[in-house]
Amino acid sequence: MTIAIVTDSTSDLSPHLCAQYGVESVPLYVLFDGKMHKDGLEITPPDLFAGLKAGKKTPSTSQPSPAEFAAAYGRALGSADHVLSIHISGQLSGTVGSARLAAQEFGGKVTVVDTQSVSMGLGMRVIRAAELARAGKGVADIVTELERAQTVADLRFTVDTLDFLRINGRIGGAQALLGGLLNIKPILVVRGGRVESGGRVRGHKKAVQDLVAHVRSYVVRHGQVRVAFLYTVGGEAFLQEVRADLAGATFEDLGDHAIGAVVATHAGPGAMGVALEPVSI
C-alpha cells in the first residue's frame with residue numbers, strides 16, 4: 001500500500017523538508033490588515049512584526065476549509081492508496097476538525113491524526129510518519145507509533161511576552177504566569193494539546209540554562225533522541241546560545257526551524273524552543 005502524508009503549515013516544515021519527505025502542507029490563514037493571507041505563501045513573520053511595529057492591529061488566525069483539505073486529499077490519492085493527514089492539536093486550532101470533515105468524502109481512504117502538538121512537535125511526527133511509510137509500514141502501525149511518540153515527545157519554549165498568547169486565547173494553563181515580575185521569562189510546554197506553564201525563571205541567561213538542562217535531562221532519560229530547534233524573528237541569538245551550551249551533548253540534530261506566521265502570531269517575536277523525541281519509540 002502506498003501512503004501519502006498531508007499536514008498543515010503549523011508544522012513549520014520548510015518547503016525543502018516537505019519536498020524531501022514527499023509531504024503536502026495545507027496552509028492556515030493569518031487575518032492581518034483587513035486581509036486573509038496564506039501562511040508561508042502570502043505572509044511571513046517579518047511581514048507580520050513589521051506591520052505590528054508600524055501600528056497595525058494584532059492579527060488573528062484561521063484554519064483551512066474542508067474543501068482545501070479535500071483538494072489536497074484528491075491530489076494525494078491520484079498516486080497513493082491512502083492518506084495520513086497529521087495536524088496541530090485540536091485544542092489549539094480547528095484545523096483537525098476541517099480535516100476530519102473532508103476525510104468523510106473519501107470512503108475510509110484518509111486517516112486524520114491529532115498530534116496534540118504544534119510547530120516542530122508536529123513536524124517531527126510528520127517526518128516520522130513519512131519515514132515509516134517509506135519503510136513499508138501500514139497505516140495502523142504508523143498511527144500506533146505516532147500515538148506512542150505523543151506520550152514521550154516534548155516541546156518546551158520561552159517567549160518574550162505572553163501578550164500574544166493571551167490576546168489570541170491560546171494561553172491555556174499558562175494563564176497564571178500573566179502579570180509576572182519584571183524580567184521574568186515564562187517557560188512554556190505543550191501538554192495534553194494545550195500551552196501550559198513549565199515554570200518561570202529570572203532573566204534571559206536562566207531561560208537559556210533551563211532549555212539546555214531540559215535537553216540534557218531528556219537525553220539521559222531516553223538515550224538516543226532527536227532534537228529540533230525552533231525560533232521566531234528576534235530569537236536567533238537565543239537559539240545560538242542554547243546550541244553553544246549544548247556542546248558535547250549527543251543527539252540527532254534535526255536543525256533550526258523558523259516558526260511560520262500562524263504560530264508566530266501567537267508566540268510573538270523573540271521566542272525560542274526545543275522539540276524532542278526518542279529516535280526509537
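Predicted model: local features only at pLDDT ≥ 70, side-chain atom pairs only at ≥ 80, totals over all residues.
Residues are numbered from 1 along each chain as its sequence is written, and side-chain values use heavy atoms, leaving out hydrogens and water.

**Two helix pairs**

Two packed helices are described by the angle between their axes and the distance between the axes. Helices (H or I, at least four residues) and strands (E, at least two) are DSSP runs, numbered from the N terminus. Axes are lines fitted to C-alpha atoms, for helices over the stretch in contact, and the angles run from 0 to 180 degrees between N-to-C directions.

| Pair | Angle | Axis distance |
|---|---|---|
| H5 (residues 119–134) and H6 (residues 139–152) | about 150 degrees | 10 Å |
| H3 (residues 66–76) and H4 (residues 95–103) | about 60 degrees | 8 Å |

H3 is therefore oblique to H4, while H5 and H6 are therefore roughly antiparallel to each other.

Which residues of H5 and H6 meet? Arg125, Arg128, Ala129, Leu132 and Ala133 in H5 are in contact (heavy atoms within 4.5 Å) with Ile142, Glu145, Leu146, Ala149 and Gln150 in H6. By class, this contact of H5 with H6 has six nonpolar, one polar and three charged residues. Here Ala, Val, Leu, Ile, Met, Phe, Trp, Tyr, Cys and Pro count as nonpolar, Asp, Glu, Lys and Arg as charged, and the others, Gly among them, as polar.

Now find aspartate 39, in the loop between strand S4 (35–38) and helix H2 (45–53). Is aspartate 39 buried or exposed? Aspartate 39 counts as buried because its relative accessibility is 6%; buried means under 20% relative accessible area, exposed over 50%, and partly exposed in between (1.4 Å probe, protein chains only). Leaving aside neighbours within four places in sequence, aspartate 39 is in contact with Ser9, Thr10, Pro27, Leu28, Gly260, Ala261 and Val262.

Valine 242 sits in helix H9 (residues 236–245). Valine 242 is buried too, with a relative accessible area of 0%. Not counting residues up to four places away in sequence, valine 242 touches Val208, Leu211, Val212, Phe229 and Met272. Valine 242 and alanine 4 are 238 residues apart in sequence and 35 Å apart in space, C-alpha to C-alpha.

Definitions and conventions: Parallel < 35°, antiparallel > 145°, perpendicular 65-115°, else oblique.
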